[in-house]
Amino acid sequence: MGDRQTIRISCNVRDTLPFSQIEEFQGNLKKRSKKEISKIITSILKFGFSFPFFVWKDGERNRCLDGHGRLLALTEMSKRHYFLDEAGKLSDDDGEPLSIPDLPVVYIEAADEAEAKQKVLRLNSCYGVLDAEGFAEFTAGLEIDWDDLLLPSGDLFELPGLLDDSSSSEHKSLAERFIVPPLSVFRASAGYWQERKKQWLSLGIQSEKGRDDGMLKHMAALAEKAGGGKLPNESIFDPVLCEIMYRWFCPSVARILDPFAGGSVRGLVAGRLGFKYTGIDLRDEQIAANREQISISGENPPEWICGDSRQMDSFLPSDFKCNFVFSCPPYADLEVYSDRPEDLSNMDYEGFREAYFDIIKKACARLEDDSFAAFVVGEARMKTDGGVYYGIIPDTIRAFEDAGLRYYDEMILVTQIAAKALTVAEGFVKSRKIGKVHQNILVFVKGDPVKAASKCKIDGEELAAAINDAEQSEESEKSEANA
């Protein structure tokens, strides 16, 4: 049996109530996983009650407006004996449950149930988000048990230096929990996404190195002409998207094959997350630029090979196999990467399509059975024939199906709308061409999707918590927009 502990009251208030006399009021407004309830129990055992319950006195009933999570935790604690072991971790046994003292309360006035519900909603509203640098300054010198905290940004919040080699194991475990709801739309402009992206880039990732700064100059020029806005002259792969794809579709020990490696992002993120990565790119200057950043990857340096992916069988070992094919191919001639004849971005579309299908087939032949593949793709318009789309997305699907895989999932990455708004007016007025502010993430499976999924472990409770966090974040953004 664990040692008997007591529940402390560490706040001074005028009123208290027995636990049995406080009624829950929120219903199913906010859902909590078993893991979250365990964290609340841990906090109660460590710190007691530092803050009172907010209670609305509805006639003879004492209805809880704030403290619902603690009520759920206390309900669980009334059934079993919970205690902290010598390491400070939560444990339980069949002993007598701890005695629950009278609880501190503050009475909140409300004319009726409707007003009480309005106050609950205000208690749960979150205006603004935690700033990573400000948070680091505020908590400097504090010994924080990160496993006990779920901050307003939930598991999506992290601090500068979180992925540094000097980070504690607690920090690393928090990083490993980064996840977003498995829904079909990713919003790259969302606050938590942008914070995570800043974190990755703060490591020193410079994926634009090795690129021709002349790419997409026309779009940047239009932006300046339209309103003085500035856009980058090259497109950089999003490290947050990269992280999500690896966590969702890779086994814990995996090798990733990237036949259109380009910049350093996908390789460096793979290395930091503990995966093996092999990327192939035509241009030796790009490979050299990537290798200059290889120290960022930590103990799992990526492998970049300079070569033509159509010839990968000539330089990859005959027994080379991967667990995930992941890449972002050229969008036909939208961005021209070099003047080399073997560069897909420098071909006409028929040549591009032939080479594209060939590369996908060769990459998928290296993919283990019961595994996933994913390409991040977008459409590009023809320079002639009225500027209609080439059809890169349907051709990608056909290429993977021709390689023996099946089309399994599709997600949409919504990028920065404000930036595109600067450039879209001229084209729309002349031709009704809609400004494209998304990319398509196409996922394919080789073999049995259930067996493939079983190799990729994701904690169900943490996933449920992430969905709940995202819902709250979206509601908060709506409330702020309407305020």
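This is a predicted model: local features need pLDDT of at least 70, side-chain atom pairs count only at pLDDT 80 or more; totals for chains, interfaces and linings use all residues.
Residues are numbered from 1 along each chain as its sequence is written, and side-chain values use heavy atoms, with hydrogens and water left out.

The chain holds 16 helices and 15 strands; these are DSSP runs (H or I, at least four residues, for helices; E, at least two, for strands), numbered from the N terminus. Of its 483 residues, 46% count as buried, where buried means under 20% relative accessible area, exposed over 50%, and partly exposed in between (1.4 Å probe, protein chains only).

Confidence comes next. The mean pLDDT (the predictor's confidence in each residue, from 0 to 100) of the chain is 80, and 73% of the residues reach 70 or more. Over residues 153-177 the pLDDT stays under 50, and the model has 60 contacts beyond four places in sequence for them. Residues 213-234 also have pLDDT below 50, with 34 contacts in the model beyond near neighbours in sequence.

Two helix pairs are worth a look. Helix 1 (residues 34-47) packs on helix 2 (residues 68-77) with the axes 9 Å apart, at an angle of about 85 degrees. Axes here are lines fitted to C-alpha atoms, for helices over the stretch in contact, and angles run from 0 to 180 degrees between N-to-C directions. The angle makes helix 1 roughly perpendicular to helix 2; the cut-offs are under 35 degrees for roughly parallel, over 145 for roughly antiparallel, 65 to 115 for roughly perpendicular, and oblique for the rest. Helix 1 brings Ile37, Ile40, Ile41, Ile44 and Leu45 to the contact, and helix 2 answers with residues including Leu72, Ala73, Leu74 and Met77.

In the other pair, the axes of helix 6 (residues 191-201) and helix 8 (residues 239-249) come within 8 Å and cross at roughly 95 degrees. Helix 6 is therefore roughly perpendicular to helix 8. On the helix 6 side Trp193, Arg196, Lys197, Trp200 and Leu201 take part, meeting Pro239, Val240, Leu241, Glu243 and Ile244 of helix 8.

Further along, helix 13 (residues 392-402) has Ile392, Ile393, Asp395, Thr396, Ile397, Ala399 and Phe400 buried. Their cover includes helix 12, strand 13, strand 14 (406-414) and strand 15 (438-446). Just after helix 13 sits Gly404, with a positive phi of about 95 degrees.

Arg366 is found in the loop between helix 12 (349-365) and strand 13 (367-377). With 8% relative accessibility, Arg366 counts as buried. Its side chain reaches two backbone oxygens, that of Pro317 at 2.6 Å and that of Phe320 at 3.5 Å. These are polar contacts (pairs of N or O atoms within 3.5 Å; within protein, one must be able to donate a hydrogen and the other to accept it, and residues adjacent in sequence count only if both atoms are side-chain atoms). Leaving aside residues up to four places away in sequence, Arg366 touches, among others, Leu257, Met312, Asp313, Leu316 and Cys322.

Asp370, in strand 13, has a phi of about 55 degrees and counts as buried at 18% relative accessibility. Arg432 lies in the loop between helix 14 (417-431) and strand 15, with phi near 65 degrees, and its 55% relative accessibility makes it exposed.

Finally, Ser184 is in the loop between helix 5 and strand 8 (185-187) and counts as partly exposed at 43% relative accessibility. Its C-alpha atom is 8.5 Å from that of Asp409, although 225 residues separate the two along the chain. Beyond four places in sequence, Ser184 touches Glu410, Met411 and Ile412.

Note on methods:
Contact means heavy atoms within 4.5 Å.
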